[in-house]
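Please look over the sequence and the structure first.

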Amino acid sequence: MHVFHGYSVVALVVSIAVAHGDCGASCEKDEHSLLQRSPTVAQLLVKPTQQQELPVADDSKEHEAEKLMGVTRNTAGDLFALFNNILTNLAIAAGCSVAFSVLRQRFPRVYSDNVAKQIAPVVPDDSFLGWVKVGFTVDIDQAAETLGLDSALMLEFINLSLKILAIIMIPSILMLMPMHMLFGQNDHGVDRLSKVGMANVKRGHPWLYYVHGLVVLGVCIVLKSCVFHAQSTFLNRRRFKWLKGLHGVRARTVLVEGIPEDWRSAEGIRKFFTAAFDANLIEDVHMVMKTEALEHHVSGRDKAKNEKLKAERYFQEHGERPTYRPNVVGSSVDAIDHWTKQVEVLTSQISEERSNLQKSADTVGGVNCASAFVTFKDKKHAEIAKELDYFPDPDEFVVSMAPDSRTIRWWNLRQSAEYSQAQQLLGYAAIFGLYVAFMPACLGTTNIANAINLGPTFAAMAPSLGLTLWLSFFPTVLLFIIENFFCMSSSHLAQERLLVWYFWFQVVFVILVTAIGNDFVNFIAKVAMNPIGLATIMADQLPKATHFYINYLVLQWSTHFMNLLRYINLSKFLGFKQIYGEEEAKSMSEPEAQDYYGFGSRSARWTIKLIIGIIFSTLSPTVPLMAFIDFVFSKCVYGYLITVAETKKADMGGHFWVDNLRHTLMGGILYSVLMAGVLFSRAPNKIPGFVATGAVFFMFLSLHNFDRAFQWVRLPYHDVMFNSDGGLSVTDDKSTGEGAQKRSDEEESYQQPELLEEKKEAAAS
């Protein structure tokens with residue numbers, strides 16, 4: 001669990017609270033904004049005294065959700081608070097940069113290990129700030145070659161976000177801002193920060209809303225064009241190249257799930273595929289077996305070996321043989337002798353259990369589960385095997401690409417279909433309960449915090465402390481549910497599921513929080529009964545909180561530079577180094593916590609920030625500007641972390657990238673729906689609203705075409721049939737292709753580790 005991150009959030013909240021406390025004399029007591037942040041949501045704590053004219057809403061009902069999330073309506077004094085927020089976050093970012101520059105030179109194993117491994121696509125300068133330009137000079141294709149396609153595409157998504165935001169931002173700043181300020185004609189009086197936004201345009205303006213309608217359509221066209229071009233480039237230059245570059249066992253192996261009981265043996269699977277293809281085409285078959293007992297013995301033996309090693313090191317360092325008490329009531333024994341005997345006993349049990357498994361493996365069913373890995377002798381027939389429908393039941397004999405062997409979750413592959421379905425139902429119930437209980441849990445924690453008197457600084461933090469702490473650990477809780485209730489065949493699939501659900505959670509509780517109110521279930525029921533009413537709800541509430549989202553994006557700047565410090569990995573490395581050697585300490589301190597820093601969680605947060613920049617771009621052109629600056633900082637920070645500091649990850653070849661693009665298009669749908677509602681309620685007639693409604697249909701059609709136009713999961717069979725020079729591919733060699741991950745066949749084995757270990761032991765002896 002990502003425990004340390006929660007403490008960093010509280011520390012950042014305190015620093016911002018203190019900074020804002022210093023500006024209290026410069027603005028009215030009830031009009032200043034106190035900002036807090038969390039890993040996923042920023043809190044803007046103000047007591048509103050003045051409401052914007054955009055749009056008119058029923059204020060008789062108190063919005064508990066807004067108060068809890070720290071989302072406040074636009075008020076006077078927000079411009080000063082924004083300047084203070086910018087200065088505070090830039091100061092934190094600068095301090096973290098200086099600290100990182102010192103730590104990078106002192107602990108290269110933690111901050112530049114990829115350079116030593118010679119897999120960093122860019123080698124940073126040794127100067128104090130030589131790391132700053134790494135993210136701006138890294139070549140994406142070279143990063144894909146050395147670090148994997150998924151890691152490279154994380155950087156490419158930053159580039160895409162910068163491109164989209166720049167195209168939207170520049171016309172908004174140069175055209176919409178002056179129009180809002182000069183021709184808005186709003187006589188109701190708005191705060192200075194809102195004068196550049198649509199809040200300064202009076203209701204029923206004779207011509208300006210026509211411009212807004214065209215801008216909405218233009219933004220959607222730009223968004224669709226950028227996303228489709230990026231996906232086309234991904235397929236032609238990277239995805240298909242990656243699939244062709246797969247070599248060795250993984251390229252020729254398929255995962256078979258849902259095997260009928262009559263075929264559950266290695267010999268049965270071999271006969272099945274022999275009938276479908278040819279006996280000479282099957283290289284190997286590995287049934288997933290019920291190895292729980294063997295796995296337990298191997299784990300115990302490894303623990304005993306580790307304890308024996310510790311005892312021997314203690315003896316070497318102190319000259320005294322350590323003792324160990326096996327039972328609480330028993331006497332102490334010599335630790336080295338005890339663990340040596342344990343290793344011998346468990347080794348004998350392991351050999352016996354392996355022998356029993358081998359004798360039972362040929363029996364249909366029995367120890368054999370409903371999954372298997374089949375390795376062909378060439379890639380061509382492995383690709384064909386994925387395309388065929390073998391049984392009328394779509395859940396039987398499901399053939400798919402084999403995941404990276406390092407990411408396989410063998411426990412899940414051993415489970416029966418009935419067990420998996422029952423677990424999945426419990427998982428969905430847990431996810432729904434998490435959504436429903438989130439607000440009450442935060443409110444309860446906040447009420448407890450409010451009841452504690454620890455001074456003015458804590459009093460400022462307390463109203464949103466519950467949300468801050470709960471959201472700090474939300475990715476951890478969500479990933480725990482996914483890993484324990486959904487039988488995912490690999491850890492990367494769990495990360496992809498985390499990406500999707502964490503993204504929608506942030507859509508609900510970050511972007512739509514003002515529209516939802518304090519009753520999530522009631523909101524869902526209303527939208528289900530009247531989906532068209534969502535536009536009215538969004539238009540009624542979201543424009544009031546544009547300043548919150550400006551500050552939310554600013555608050556992310558310091559977060560990136562705090563992540564640059566890798567304080568958790570550094571703490572682990574220094575701690576383990578006191579007990580183990582440097583190599584072991586480095587291995588035990590990596591990778592970074594995948595619940596928060598993994599592909600899934602990181603992708604969801606980045607996409608949400610891009611979508612915020614898009615959704616509020618017309619209402620307040622300042623929002624895409626702040627989002628653009630945020631991604632510039634992201635390019636600097638993560639361009640270094642991913643390429644130089646973080647360990648190389650197993651590769652899925654672009655799954656996270658595709659999900660990010662799909663979510664970006666969904667953000668375009670939210671943007672067009674919001675603007676359609678705003679224009680229908682404020683324009684002098686229905687024409688601008690109908691133009692925005694056309695943009696809604698355009699974005700839905702774009703999302704539909706995105707899934708149809710780009711077939712990216714499998715390599716087109718044309719590319720399988722023909723070599724790169726256009727010649728007919730009769731056989732597929734096993735040499736390393738361009739862009740391939742260089743791993744030996746032994747490392748890529750698809751036999752369960754506890755069974756494969758016997759071969760390694762035999763080779764070692």
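## Serine 360

Beyond its neighbours within four places in sequence, serine 360 is in contact (heavy atoms within 4.5 Å) with Val367 and Asn368. Serine 360 belongs to helix α13, residues 335-360. Helices (H or I, at least four residues) and strands (E, at least two) are DSSP runs, numbered from the N terminus. Methionine 289 sits 71 residues away in sequence, yet 9.9 Å away in space, C-alpha to C-alpha.

Is serine 360 buried, partly exposed or exposed? Serine 360 is partly exposed, because its relative accessible area is 28%. Buried means under 20%, exposed over 50%, and partly exposed in between, with a 1.4 Å probe and protein chains only.

## Basis of the model

The model is predicted: local features need pLDDT of at least 70, side-chain atom pairs count only at pLDDT 80 or more, and totals for chains, interfaces and linings use all residues. Residues are numbered from 1 along each chain as its sequence is written, and side-chain values use heavy atoms, with hydrogens and water left out.

## Largest pocket

The largest pocket holds about 1,500 Å³ of space. A pocket is an open set of points on a 1 Å grid over the protein atoms alone, where a 1.4 Å probe fits, with protein on both sides within 12 Å along at least five of seven lines; lining residues have an atom within 4 Å of a point. Volume is the space filled by probe spheres set on the points.

The lining counts 49 residues, with Glu257, Gly258, Val398, Cys487 and Ser489 nearest the centre. Elements giving two or more residues include β3 (253-257), β7 (368-376) and α20 (491-511). Helix α16 gives the most, six residues. By class, the lining has 18 nonpolar, 15 polar and 16 charged residues. Asp, Glu, Lys and Arg count as charged; Ala, Val, Leu, Ile, Met, Phe, Trp, Tyr, Cys and Pro as nonpolar; the others, Gly among them, as polar.

## Second largest pocket

This pocket has a volume of about 830 Å³. Its lining has 26 residues; Val527, Pro531, Leu534, Leu670 and Val673 are closest to the centre. Helix α29 gives the most, again six residues. The lining divides into 23 nonpolar, three polar and no charged residues.

## Nonpolar cores

The largest nonpolar core has 152 residues, and Leu478, Ile612, Trp657 and Tyr671 have the most contacts inside it. Such a core is a set of buried Ala, Val, Leu, Ile, Met, Phe, Trp, Tyr and Cys residues joined through side-chain atoms within 4.5 Å. Helix α9 (residues 208-245) gives the most to this core, 17 residues. Another core, of 27 residues, lies apart from it and includes Leu294 and Ala385.
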